[in-house]
Amino acid sequence: MKKHDDKMIGKLYMRLLPVQIILVIIAGVNNIIDSTFASNMIGPDAMAVVGLFLPVLNLINSLNVLFSGGAQIMCGKYLGKNMVERTKSVFTIDMIAVTGITAIMVIICEVIPMQVAGVLGAQGEFCVQLASYIRGFVIGLIPLMLGTQLTAFLQIEQQEKRTYVAIGGMLASNVLFNYMFIAVWNMGLFGLGLSTSISNIVFFIIQATYYFAGKSIIGISLKKIVLADLKDILKNGFPQAITQLCIMIRSVIINYLIRDYVGPDGLATFSAVMTFGNLYWSVAAGVTSAVTMLASVYVGEENKESLRSLMRVYVKRGLVFVAAASAVYMSFCVPLTNIFYRDPNSTVYSMTVMGFLLFPISTPISATVVGFTNYIHCLGTNEGFMRFTALFDGAIGSAGMSVIFIPSIGMMGTWIAQIAGGVVLVLILLGFVIIKNKRFPRSGEDMMCFPKNFGVSSEDRIDLTVYTMEEALEISESVSDFCHAHGSPSKICNRTALCVEEMVKNIITHGFVGKKKHHIDMSVTYVNESIVVTIKDDCKAFNPKEAAELFDSEDMTHNIGLRLISGIAREMKYQNTFGLNVLTIVI
């Protein structure tokens, strides 16, 4: 038996991470495929057209983040409070709202595509070509948006493999139809957009079949709707959505600056670098989104220790992962350039190599701030600071720096502006923490910025991690001492200690099977003159509450731990959250 360690949360964080990356990456992956076909089969001008479309992808990402990000936080808080039924309300409202808003976007883009292209900065023939691409792309926009939302909910249902299959189907179909529409049928930029639409439809159908089969815990239920959840979804998703929306505005501003001060080669360079840049940034966005998903659950539990553990995992694993991805991205600056441009003596080639080399430097810097601000956002405090950092990270910082650097040093200024904006953002976060603590932060605890009345004090809580049966046998003494220290009657102290020991031993006996290494995280807290025991394990799903209702009345030794709990517990709740069994007992 040990004090609480980071291993269970670390394993959970790394398991959630791939899907969180995919959630951000979906639109960007198809954009890479489109850009490759555009540059190699249509021509450099087509590549510039795809680059002008990037702000629309940013808008799509902002809407996806607004709803999926807000829904994730709301579901996390409801799960942390054992309010599973409310997640159905969140799911239903989320899907209806996304469908309605996306339908409006599709109508606008299909009715006035030339005007939309003009707003994005296209002129002359570029405007005609971009309008053609837009018309093909938006056909599959509703399936793309709904499929992205389903990705977040499928993770709650532990259906990550279905998402991986859907992504594979999307990529394969996009490559196939791009080849057919462009190389075989010569449909140009309209065919380029249409192939992406078809791939988005494939992606959605594979995801949605899980819900059509009626297997899901969460599903559409008009009877379960609580309209107040829509407001909370928008409120919680707003800061992240504002960042994405500002990135869209920033992209438009940078497009105009590059067009006026660098020229077509600069636009083609920016398009190539940001095509893979958006894919690469999805790694950092996934790392920070995983923080949001787990932090929302632990905030719902008011679990300080798990939040501390989560942020340690984020720094030691998440940010290291982002830094490693940056190094890999930089090392492939030449091969990535060769995907789009083949002449090493051309200006666009040398500028693109430099862009692939410099752009990744800004990402770990920005990810450091975004992870901590996402955590602060889940706390539900300091909304003003969240809105400011969202605006600064999305537009004010790098766009403002671009206005300074691009006119003076050209294309190089685009990448220097990203780095400078990230450094300023770090200083803003540090200033916020200093103001909150009224001193310079001296430890990780200072960075947590817990509200005064959040959770319970360390004196009223113990956190333990159990790996072996020997440790399970020792646990009763710690639990008994804790209960005695808080004035519980000896009978309650002894029974609580015994039932916890029996439950932990039962989990080890029946759950610690196979080659996978398992362990148990548990906490005992004193809240409102009650003892609250929370036991979490990463074994096969098992509901002790249901088992407690199936006692064998003739065998009094059977399920002794559950018998003890049912005899003294005022309340017992169970749920399976992201693959963890979570049993909460109030005594």
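This is a predicted model: local features need pLDDT of at least 70, side-chain atom pairs count only at pLDDT 80 or more; totals for chains, interfaces and linings use all residues.

**Exercise 1. Work out where Ser 306 sits and what Ser 306 touches.**

Start with the secondary structure: Ser 306 belongs to helix H12, which covers residues 304–331. Next, check the accessibility. Ser 306 has 6% relative accessibility, and the cut-off for buried is under 20%, so Ser 306 counts as buried. Now go to the side chain, which makes a polar contact with the side chain of Asn 303 at 3.0 Å. Finally, skip the neighbours within four places in sequence, and you're left with contacts to Ile 9, Tyr 298 and Lys 536.

**Exercise 2. Find how many disulfides a search of the whole structure gives, then check Cys 493.**

The search turns up zero disulfides. For Cys 493, look up the closest cysteine sulfur: that's the one in Cys 483, 4.8 Å away. A disulfide needs the sulfur atoms within 2.5 Å, so this pair is too far apart for a bond. As for accessibility, Cys 493 is buried at 0%, and Cys 109 also counts as buried, at 11%.

**Exercise 3. Go through salt bridges of the structure and say how exposed their partners are.**

Why look for such pairs? Side chains of opposite charge can pair when their charged atoms come close. The structure has five salt bridges; let's take some of them.

- Asp 260 and Arg 259 pair at 3.2 Å, N to O. Asp 260 is exposed at 53%, while Arg 259 is partly exposed at 26%.
- Glu 305 pairs with Arg 312, with the closest N and O atoms 3.7 Å apart. Glu 305 is buried at 17%, whereas Arg 312 is partly exposed at 31%.
- Glu 501 pairs with Lys 505 at 3.8 Å between the closest N and O atoms. The two are four residues apart in helix H20 (residues 490–511), so about one helical turn separates them. Glu 501 is buried at 12%, and Lys 505 is partly exposed at 22%.

Last step: look for shared partners. Salt bridges of this kind link Glu 305, Arg 308 and Arg 312 into one network.

Key: Residues are numbered from 1 along each chain as its sequence is written. Side-chain values use heavy atoms; hydrogens and water are left out. Buried means under 20% relative accessible area, exposed over 50%, partly exposed in between (1.4 Å probe, protein chains only). A polar contact is a pair of N or O atoms within 3.5 Å; within protein, one must be able to donate a hydrogen and the other to accept it, and residues adjacent in sequence count only if both atoms are side-chain atoms. Contact means heavy atoms within 4.5 Å. A salt bridge is a side-chain nitrogen of Lys or Arg within 4 Å of a carboxyl oxygen of Asp or Glu.
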